[in-house]
Amino acid sequence: MAIQKILVPDMGDFKDVEVIEVLVKKGQVIKKNDSLITLESDKSSVEVPSTQEGKIEKINVSVGDKINKGDLILTLESKQEINEPVKEKSKKEPVKEKKQKEVVQVQQQPAPSVPTSGKSSASPKIRKFARELGADISKISGTQRAGRVSEEDVKNFIRSQVTVSQGEVQKKEVTKYVEEYSHGEFGEIATQDLPRVKKLSGPHLVRSWTEIPHVTQHDEIDVTDMEQFRNSLYDYYTGEKIKVTPLAFIAKALVSALKEFPNFNASLNHESNKIIYKKYFHIGFAVDTPHGLMVPKLRNVDQMSIQKIGEELKNTSQLCRELKIDKKEFFGGSMTISSLGGIGGTHFTPIINPPEVAILGVGRTFDRLVKEKNQIVSKKILPISLSYDHRLIDGAEGARFCVYLGKCLGKDFAFKLAV
Ligand code: CAO
């Protein structure tokens, strides 16, 4: 048994390149040409394959390390005798190791650096894009010059993996993730079936996450005046306090913003490359139920008073929690609000509910001390997070939408919500 070193080969122009993936583990038995690490520079990405076979004794690089030709990648226990057995070292090898004798292994049999996986070449940006979508770039055939993979190739690959038909997602190629150890090996566990609602919503979320290029814009709205108004609502006849949550005001403000920015009240038809503009204002809202998340629609919110919206929110969420809601009520929406304000937290990244193109996330209102006219005053701040489909909505439009919404719920709220 000999210890062999696998070093970074000559990579031409590459200097101080970053390790972005370590593709092997300590103790793993590898064959010659198995990929060991992926390196990424500004220009391109390469995988470094092994020049030897054997069992990995120690890995000397980690993700984020900057390495150069001759640096030690790993040591290997190999049956194959080599001319120059390598001394073991107790501490992590510095990656800057270029002694002549120690590079003998590689210099005799230089490990060729190859464009990633040997099959696909792609820019770091595209590789990152593919990684974020969980796609293996090596499986994607590039349509660009010299087989280079484009963003469109990645999207087409994802589409080919997930076929959506009649609300059901069928995975053509199921990736099986085998855990190295079972959960039960670490302590007591319990197993139960995934609730039906989660089984149904899961593929829908996957479709949204993998197909829609999301952008999420976070903002804060001064809702001090609105909150004062909300807390001062009393029934004209009975004198009783009217309880309406901020969500009713937000839904009303959202309708006003949808009128001003029709791209948010739209859907995309990719087959015909058309935008469908909706002339109705059916607002979806995420409801947390014991069975899982449901997103019913409130129809024609533009024609409702704030008090009526408040009542409808209560009634509809109750129907969801009791599983009495009609299935059709989950379809035909303009845009969705996901409010976690009743629970807590500030900003998050809501996932668009297709075929809609945007979703508004709402956090919990908090107090902030600000200086106003040389006085310190307390303001009520509402955190919002707007996710939108970047294929239809540009960043500037997203920002304008947030500003407008801020005006509707801010000092202009009485005026804006009345229209
Ligand atoms: N800031 C401060 N307080 C808020 C608030 C906000 N942004 N939003 C609601 N509240 C308050 C309400 O005023 C109410 O206070 P009182 O108990 O004093 O009346 C309390 O929080 C509870 O409100 P609520 O959550 O019951 O009512 P709602 O109209 O705000 O929301 C519903 C209704 C159905 C959206 C909500 O019950 C729910 O299910 N939220 C979870 C949505 C969710 O899971 N989203 C994540 C989707 S992605 O996984």
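Q: Which residue forms a salt bridge with Asp-222?
A: A salt bridge is a side-chain nitrogen of Lys or Arg within 4 Å of a carboxyl oxygen of Asp or Glu. In this predicted model, Asp-222 pairs in this way with Lys-379, and the closest N and O atoms are 3.9 Å apart. Asp-222 lies in strand β12 (residues 214-222) and Lys-379 in strand β22 (residues 375-389), so the bridge ties together parts that are 157 residues apart in sequence. Strands (E, at least two residues) and helices (H or I, at least four) are DSSP runs, numbered from the N terminus.

Q: What are the conventions behind such values?
A: Residues are numbered from 1 along each chain as its sequence is written, and side-chain values use heavy atoms, with hydrogens and water left out. As the model is predicted, local features need pLDDT of at least 70 and side-chain atom pairs count only at pLDDT 80 or more, whereas totals for chains, interfaces and linings use all residues.

Q: Are Asp-222 and Lys-379 buried or partly exposed?
A: Buried means under 20% relative accessible area, exposed over 50%, and partly exposed in between (1.4 Å probe, protein chains only). Asp-222 has 32% relative accessibility and therefore counts as partly exposed. Lys-379, with a relative accessible area of 14%, is buried.

Q: Which residues are linked with Asp-222 in a network of salt bridges?
A: The network links Asp-222 with Glu-372 and Lys-379. The count for the model comes to 13 salt bridges.

Q: Where do Glu-227 and Arg-230 lie?
A: Both belong to helix α5 (residues 224-230), 3 residues apart, which is about one turn of the helix.

Q: What is the N to O distance between Asp-389 and Arg-391?
A: The distance in this salt bridge is 2.7 Å. Asp-389 is buried at 2% relative accessibility, while Arg-391 is partly exposed, with a relative accessible area of 34%.

Q: How many disulfides does a search of the whole structure find?
A: A disulfide is a covalent bond between the sulfur atoms of two cysteines. The criterion is a pair of cysteine sulfur atoms within 2.5 Å. The search of the whole structure finds 0 disulfides. Cys-402 is buried at 1% relative accessibility, and Cys-408 is buried with a relative accessible area of 0%.
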